[in-house]
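Please look over the sequence and the model below. A short report on the fold follows them.

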Amino acid sequence: MAYFLKKTTLKGRTYLAIYDSFYNQEKKGAAHKCYKSLGSVETLKKNGMEDPISFYQQEVALLNQQRKEEGVRKISDISPTLYLGYFPLKAILEKLKIQKYVNYFHLTYDFQFDLYELISTLVYARGVCPCSKNRTFHDVLPNLYHSSHYSYDQLLDGLAFLGENYEKFIEIFTVQTAAVYGLDTSNSYFDCTNFYFEIDREDDFRKKGPSKENKKEPIIGLGLLLDRNQIPVGMKMYPGNESEKPILRDVIDGLKNRNNIMGKTIHVADKGLNCAQNIAFSKQNGDGYLFSKSVKTLPSTEKTWVLLEQDYKDVKDKSGKLLYRYKSCIDTFPYSIEYNGKKQTIMLTEKRLVTYNPSLAAKKRYEINRLVEKAKALTLSQAKRNDFGEAGKYVDFTDKTGNKAKTRINQAAIDKDLELAGYNLLVTSETQMTDQDIYCTYHNLWRIEESFKIMKSDLDARPVFLQKENTIKGHFWICYLTVL
């Protein structure tokens, strides 16, 4: 039998109700009973429903479709689908022998669930079908080959505990990774990214700052440290409005202190983390550094050296196509640092390697010309200053107070950027390294970018549907652990 929409007219008003028709054994025929009373069409329209009759006819159709599907005979209501793709992750986790260390937390905390089971199953679920924690609990965990034995509330409580203590758990995994697989911290690669949240209001953790994806929403920052073989060995989360530069020092300090690492480590990072304080930190700790540096910010004498054709060596592929050019020098360079609250200038001996990549140069020139065209178009239309965005660096604003700024194209700035397109400078304390070693070591940074890409795409680290700081940290620690 079926549902149908019944319309009744009473005192000039039309009343709607959904009725269910069924076979009556006593009457030996069809009978009807009210399934849901809906009220009058006039009242429904007054409350904002444009066409109540059409709307509820669709609901009736949906009810009939559901009844039809329920009538199909099934072997079982339990889905036959099982997620099996996490077995490689399970094998690695078991080889690390983490469980006994996680179980120590049960001695001081009164958990009503198995913490190791929670960690492992959340990692497996994140690996095979990343989704919200609610969907993970209701749709993914039941379909793992190994069942889980905790409630949704316990999942959230456990996640908050992991987030509150994520640095302790990273330490456990780093120690065991070193014991089982070995770690090489003679080089350490570091970079930062951030994740935005689709919320309007900031809180103590999610703050508005410069987003990697040019979003205006509040963000959190995440710094990731890899060893020489690009194995994750450290992570730090911080509010989105804080600078990422001190995070390098925090993560490396924590790694060395907690894991008793005494040897020299060369810190490798891009120009976003290149600052005098980080360089001084590396030297003070007996470590080294290899950073990229913006060619645009160099003094005029160093820019002249960069642009001189003299001493460049070419690297070509088998067909003779130029891949890149390079040259290097060793000299003493000044750095201004803050020590005991005072500015001081120190002199450091560095090796500097400059490279020119024709493919990068073509890409940069295209981007520059695109911004120039935008600047010219906005100048002709007398656009507001705020409308120029990044293209504003190629414009001189002569009226900074009016709604429509008087502008002219800054050709000198355009020529300067076009001239330096394709050049990149690497600076390192390791003067004994060969030019090729410096180049290859720095370009291994793509592996850390790959780790961020895996987090953001394959593991769907965002959107994050959690609201509390510790559960958010717990979520990102699970993503870190899955990458590891």
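Predicted model: local features only at pLDDT ≥ 70, side-chain atom pairs only at ≥ 80, totals over all residues.

Residues are numbered from 1 along each chain as its sequence is written, and side-chain values use heavy atoms, with hydrogens and water left out.

**The whole chain**

The chain has 17 helices and 14 strands. Both are DSSP runs, numbered from the N terminus: helices are H or I with at least four residues, strands are E with at least two. The radius of gyration of the chain is 31 Å, whereas a compact globule of 484 residues would come near 23 Å. That radius is taken over C-alpha atoms, and the globule rule is 2.2 Å times the number of residues to the power 0.38. Along the principal axes, the C-alpha atoms fill a box of roughly 105 × 70 × 55 Å.

Of the 484 residues, 44% are buried. Buried means under 20% relative accessible area, exposed means over 50%, and partly exposed lies in between (1.4 Å probe, protein chains only). The accessible surface comes to about 27,100 Å², and carbon and sulfur atoms hold 49% of that surface. Such areas come from the Shrake-Rupley method with a 1.4 Å probe; for residues, only the protein chains shown count as cover.

Contacts are heavy atoms within 4.5 Å. Among contacts with a separation of 6 or more, 59% join residues 24 or more positions apart.

The chain carries 71 positive and 60 negative charges, and their mean positions are 4 Å apart. Lys and Arg count as positive, Asp and Glu as negative; His and the chain ends are not counted. Each charge is placed at NZ of Lys, CZ of Arg, CG of Asp or CD of Glu.

**Paired strands**

Which strands pair with β11? Strand β10 (residues 322-339) runs antiparallel to β11 (residues 342-356) over 15 bridges. β11 also pairs with strand β14 (residues 423-428), again in the antiparallel sense, over 6 bridges. Strands pair if DSSP finds at least two bridges between them.

Arg325 has Tyr356 of β11 as its bridge partner. Arg352 stands opposite Val427 in β14. The hairpin of β10 and β11 has 2 residues between the strands, and Asn340 in the turn has a positive phi of about 55°. In a regular strand, side chains alternate between the two faces of the sheet.

**A helix and its end**

Helix α11 spans residues 276-284, and its buried residues include Ala276, Ile279 and Phe281. After α11 comes Gly286, with a positive phi near 75°.

Where do Ser21, Asp417 and Ser451 lie? Ser21 is in strand β2 (residues 13-24). Asp417 is in helix α14 (residues 411-420). Ser451 is in helix α16 (residues 446-458).

| Residue | Relative accessibility |
|---|---|
| Ser21 | 9% |
| Asp417 | 9% |
| Ser451 | 8% |

Their contacts leave aside neighbours within four places in sequence. Ser21 touches Met1, Ala2, Phe4, Ala31, His32 and Arg67. Asp417 is in contact with Lys296, Ile368, Lys393 and Tyr394. Ser451 is in contact with Leu224, Leu226 and Val483. Ser21 and Ser457 are 436 residues apart along the chain, and their C-alpha atoms are separated by 50 Å.
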